[in-house]
Amino acid sequence: MSRKALVVGIDDYPGDYSLNGCVNDAKEIKNLLETNEDGSPNFEVKFAPNIQTKDELLELLNALFCEGDADISLFYFSGHGTDEVTGKIVTPDFKGRDMGVSMSDILALLKQSKSKNKVVILDCCFSGKFGELGVISSNETVLGEGVTIMTASSRDQYAVEDGITGHGVFTELLIQGLLGGAADVGGNITPASLYSFVDQSLGAWEQRPLFKTNISRFLPIRKIKPKVPIEVLRKLSDYFQNPDSEYSLDPSFEFTNNPEYEIEIKEPYAKDENINKFKELQLYESVGLIEPVDEEHMYFAAMNSKSCRLTPLGLHYWKLSKHKRF
């Protein structure tokens, strides 16, 4: 799978406009995008800290989106943004009204791109202007097929820095999400799950991230170790034959229900086959896919010969398992 990314952070603005944490933001994002958690290669990243000119940035953007084909082309930017007209990414050579690369210029490149998925992530002030309808033409939908846009703030908000971590508030949450906070049960981190993680982590009075997309299916942008191994997740529909099935338990599923342990034990005593099944069921329960019936914990469901059942989230993964979607 061909995956390429352009990661840009600019601190080196002239005079009083200089910044402190943007290159650091970009470096952290670069490191996370280059490999998955297990060290396997992910994106081929072009890291471009402290780009000095508008032309240089436009050339790199053109190479990212319009040269060749890719399954995913991703652009991340941390630096100054301006609310001028459609909004612009500011480059250090700004002069007069020419502040840098306009967001409408980037949208035009996205429209020309042959990449199957185009992802743009902006940590700059007024970044919510990016992707607004009508900035290319009044009768045209801006977002072409396969385009996803995530921005640090709405169209009229500033993007702020976290005084503790040294990262922008938005990028700090992106980092935590890419480390695993935004992963699904299978360990996949998609733009949608990443946005959901960021959005839920911000309070109602803080900057509000923006997310727009026109895509039929998200590809993961990073993978971590699955919370439930795939081979175990695939068994979900084996344990539960139907969506409303209950899986019966008894004391033989609990490994401590054994004469070797100095506790009250019950018949039937622990059996290796059932102990192994129970470990898998407990994995499902730990990530919210199943729940014990009429008991608070799976331990008591087993010791009291109760059962367990699918949760609404579990039903989703049950369908994926049933139809062999992973």
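This is a predicted model: local features need pLDDT of at least 70, side-chain atom pairs count only at pLDDT 80 or more; totals for chains, interfaces and linings use all residues.
**View 1. Helix α1 and its buried residues.** The 13 residues of α1 should span 18 Å at 1.5 Å a residue, and because the end C-alpha atoms are 18 Å apart, the model agrees with this expectation. The buried residues of the helix are C22, V23, D25, A26, I29, K30, L32 and L33. The partners against which these buried residues pack include the strands β1 and β2, as well as β3 (72–78) and β7 (117–123). Helix α4 (169–181) and strand β11 (222–223) are also packed against by the buried residues of α1.

**View 2. The open sheet β4-β5-β6.** Three strands form this open sheet in the order β4-β5-β6, and their pairing is antiparallel. Strands β4 (81–82) and β6 (98–102) are the edge strands, each pairing on one side only. Two bridges connect β4 with β5 (residues 88–95) in the antiparallel sense. Within β5, I89 stands opposite G81.

**View 3. Helices α2 and α3 across strands β5 and β6.** Helix α2 (residues 54–66) lies across β5 and β6 and runs at about 0° to β6. Helix α3 (residues 103–112) likewise lies across β5 and β6, running at about 25° to β6.

**View 4. Aromatic pairs, with F253 and F278 as an example.** The structure holds eight aromatic pairs. In the pair of F253 and F278, the ring centres are 6.2 Å apart and the planes stand at 70°, so the arrangement is edge-to-face. F253 belongs to the loop between β12 (246–248) and α8 (272–286), whereas F278 lies in helix α8; the pair thus links distant parts of the chain, 25 residues apart. Both F253 and F278 are buried. One aromatic cluster is formed by Y239, F240, Y247, F253, F278 and Y284.

**View 5. The aromatic pair of Y299 and F300.** The ring centres of Y299 and F300 lie 5.1 Å apart with the planes at 80°, so this pair is edge-to-face. Y299 has a relative accessibility of 29% and therefore counts as partly exposed. F300 is also partly exposed, with a relative accessible area of 37%.

How values were computed:
Residues are numbered from 1 along each chain as its sequence is written. Side-chain values use heavy atoms; hydrogens and water are left out. Two strands pair if DSSP finds at least two bridges between them. Helices (H or I, at least four residues) and strands (E, at least two) are DSSP runs, numbered from the N terminus. Contact means heavy atoms within 4.5 Å. Axes are lines fitted to C-alpha atoms, for helices over the stretch in contact, and angles run from 0 to 180 degrees between N-to-C directions. The expected span of a helix is 1.5 Å times one less than its number of residues. Buried means under 20% relative accessible area, exposed over 50%, partly exposed in between (1.4 Å probe, protein chains only). Rings of Phe, Tyr and Trp (its six-membered ring) pair if their centres lie within 6.5 Å; planes under 30 degrees apart count as stacked, over 60 as edge-to-face and the rest as tilted.
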